[in-house]
Amino acid sequence: MDKPQVQEKKIDAALCQFLFPFSIREGCQLSLQKELKESGFDYFHLDQEEQEGKYYGSSHRVSHRGLERYYLPFASSILFPHSEEEIGFQRYSLRVEMDAKVRFNEIELGFILHSVDITLCPFNLGFVTLRIELAKEELTYTQALEFIKQFRQLENVLKRKDYPVVCCRGAEYQEVESFLFMEVVPAIKPYLDFVNSDKAYFETLSFFVDERMYAQAFFMVAEGEELSVVDVYRAGQLNGMDAEGRPYVSAHNMQYIKEYCRTHVYSRWAPYTYFVVDDDAFICLTKETQERADKLADQMYGEYYYSLLLNFFHKIVLLKLSVQYPAVQVDKDNKDIGELIRSITEFDAKYFFVETVSQTQGKELFGLLRIVFRNNDLYEDVKSTLGRLFQYQEKFTSRRNNHLLMILTIYTVIGGIYGMNQVIDDLKGNIDWGKMLKYSFFEYIALFVTFSGLIVAAVMGVIALVRWIQELVRTWK
């Protein structure tokens with residue numbers, strides 16, 4: 001059996017973006033938008049072309065015209081809304097340009113935090129995006145991969161001694177989480193929704209997948225270096241270094257590595273450029289010329305970043321909807337069932353598009369992201385959930401209507417048999433309550449039917465009015 005051969009490579013450019021999804025507390029999005037602008041964040045507009053080179057370092061820019069043409073109109077309206085009042089991905093960006101360094105495994109790597117984005121999305125979901133460039137000279141491929149693997153860990157849940165320490169502006173942060181929420185984006189911490197935090201034993205944040213950020217990276221290898229299938233596999237698996245600091249490969253079977261690359265790698269421009277997609281990372285690995293590599297890096301900041309963001313959004317929302325279904329108590333929470341049906345229907349109608357990208361290579365790469373994230377499988381599961389919820393709600397409504405019809409029928413039958421007119425004349429004008437003491441047994445039945453019918457009608461009317469008002473409030477929200 002062939003074993004993988006690893007050859008170290010030099011890296012000329014290493015650009016990283018780390019995505020942290022978070023849940024926003026109900027009803028706090030407007031307050032968070034105001035807080036972000038007061039903290040120096042700028043609202044991202046496609047028509048403000050001065051923002052094209054503001055957030056990506058001195059060597060890169062993202063064409064706003066290109067972004068708009070890359071996506072089909074209905075997807076573009078969600079990704080790039082024209083105002084803060086519209087439904088869609090509301091992006092707020094802050095240029096930072098902060099020098100920092102990270103220590104792990106007796107290694108120290110310097111990096112530049114170019115900018116940070118806060119993207120507020122529908123379904124009370126948000127994303128923090130950190131744009132980082134590794135600044136070390138003579139950077140190796142192994143060091144770059146290990147940096148991503150280490151830095152994306154927000155919390156030191158396992159209390160490891162080799163956990164990375166972030167140093168910047170004279171301070172040391174023992175966890176990346178502390179660096180993120182104390183140094184980079186302290187404004188969002190009060191607005192985080194710690195859903196199900198009582199069900200976790202050690203985590204202090206509420207994570208949708210695990211306690212790590214998703215990594216997107218662009219690596220340009222040095223001139224003269226060759227890219228092998230093992231290098232591509234290491235990128236997808238974030239195989240950095242082993243305990244001795246040597247290049248690490250997590251598989252020993254070349255057949256397995258080749259099969260992995262067939263299902264996780266977009267190799268249209270091989271052997272010069274590879275795109276690798278996995279559950280933890282989306283990596284572009286290239287040995288193109290400087291001019292071509294710069295264009296690829298710009299696309300990783302622009303078009304390909306939004307393809308990742310949209311697919312990641314789909315995955316998180318589908319996971320949330322899947323988790324909400326078993327949490328609903330079908331015998332008690334008919335209101336929650338209605339909310340879940342509304343959420344699934346809204347997501348299906350507005351956000352989960354079959355066609356999103358206009359260009360061929362963009363469609364293929366977007367499709368690979370969707371396949372690896374298993375969004376189609378999650379979508380089918382949610383759609384089957386919707387069918388079951390509709391069936392249950394239909395049965396529940398039918399039972400409730402049957403009970404209501406039975407009550408009305410009883411009153412109608414009793415009223416028809418005894419006739420409420422037996423006592424109705426005594427209830428006109430000034431009522432002589434003493435006369436009722438002389439009623440016969442059947443007249444008491446008629447009196448009871450009259451008053452209880454009025455009470456039942458009033459209660460049912462109030463319940464219907466309350467439900468109608470609640471429905472209006474939920475629709476407005």
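Colour the model by secondary structure to begin: the protein has 14 helices and 12 strands. Please bear in mind that this is a predicted model. Of its 477 residues, 48% count as buried. Now display the contacts between residues at least 6 apart in sequence: 70% of them join residues at least 24 apart.

**First stop: helix α5**

Select residues 176-184, which form helix α5. This helix is mostly covered, with 7 of its 9 residues buried. Which residues of α5 are buried? They are V176, E177, F179, L180, F181, E183 and V184.

**Second stop: salt bridges**

Side chains of opposite charge can pair when their charged atoms come close. In this structure, 21 salt bridges are present.

Select R152 and D280, whose closest N and O atoms are 3.3 Å apart in a salt bridge. These partners stand 128 residues apart and link distant parts of the chain. R152 belongs to the loop between α4 (141-151) and β7 (165-168), while D280 belongs to the loop between β11 (273-277) and β12 (281-286). Are the two partners buried or exposed? R152 is buried because its relative accessible area is 7%, below the 20% limit for a buried residue. D280, at 30%, is partly exposed.

Next, select K287 and E226, which form a salt bridge with their closest N and O atoms 2.5 Å apart. K287 lies in the loop between β12 and α8 (290-301), and E226 in the loop between β9 (214-221) and α6 (229-237), so this pair ties together parts of the chain that are 61 residues apart in sequence.

Move on to D242 and R246, where the side chains meet in a salt bridge with an N to O distance of 3.3 Å. Then select R91, D117 and R131 together: a network of salt bridges links these residues.

**Last stop: a nonpolar patch**

Finally, show the surface and select L465, W468, I469, L472 and V473. Together they make a nonpolar surface patch of about 480 Å². One of these residues, V473, is found in helix α14, which spans residues 441-476. An α-helix has 3.6 residues a turn, so residues three or four places apart point the same way.

Definitions and conventions. Residues numbered from 1 in each chain as written. Predicted model: local features only at pLDDT ≥ 70, side-chain atom pairs only at ≥ 80, totals over all residues. Heavy atoms only, no water. Buried < 20%, exposed > 50% of the residue type's maximum accessible area, 1.4 Å probe, protein only. Helix = DSSP H or I, 4+ residues; strand = E, 2+ residues; numbered from the N terminus. Patch = residues over 30% accessible without salt bridge, like charges linked within 9 Å, V, L, I, M, F, W, Y side chains within 5 Å. Areas by Shrake-Rupley, 256 points an atom, 1.4 Å probe, with all protein chains shown as cover. Salt bridge = Lys/Arg side-chain N within 4 Å of Asp/Glu carboxyl O. Contact = heavy atoms within 4.5 Å.
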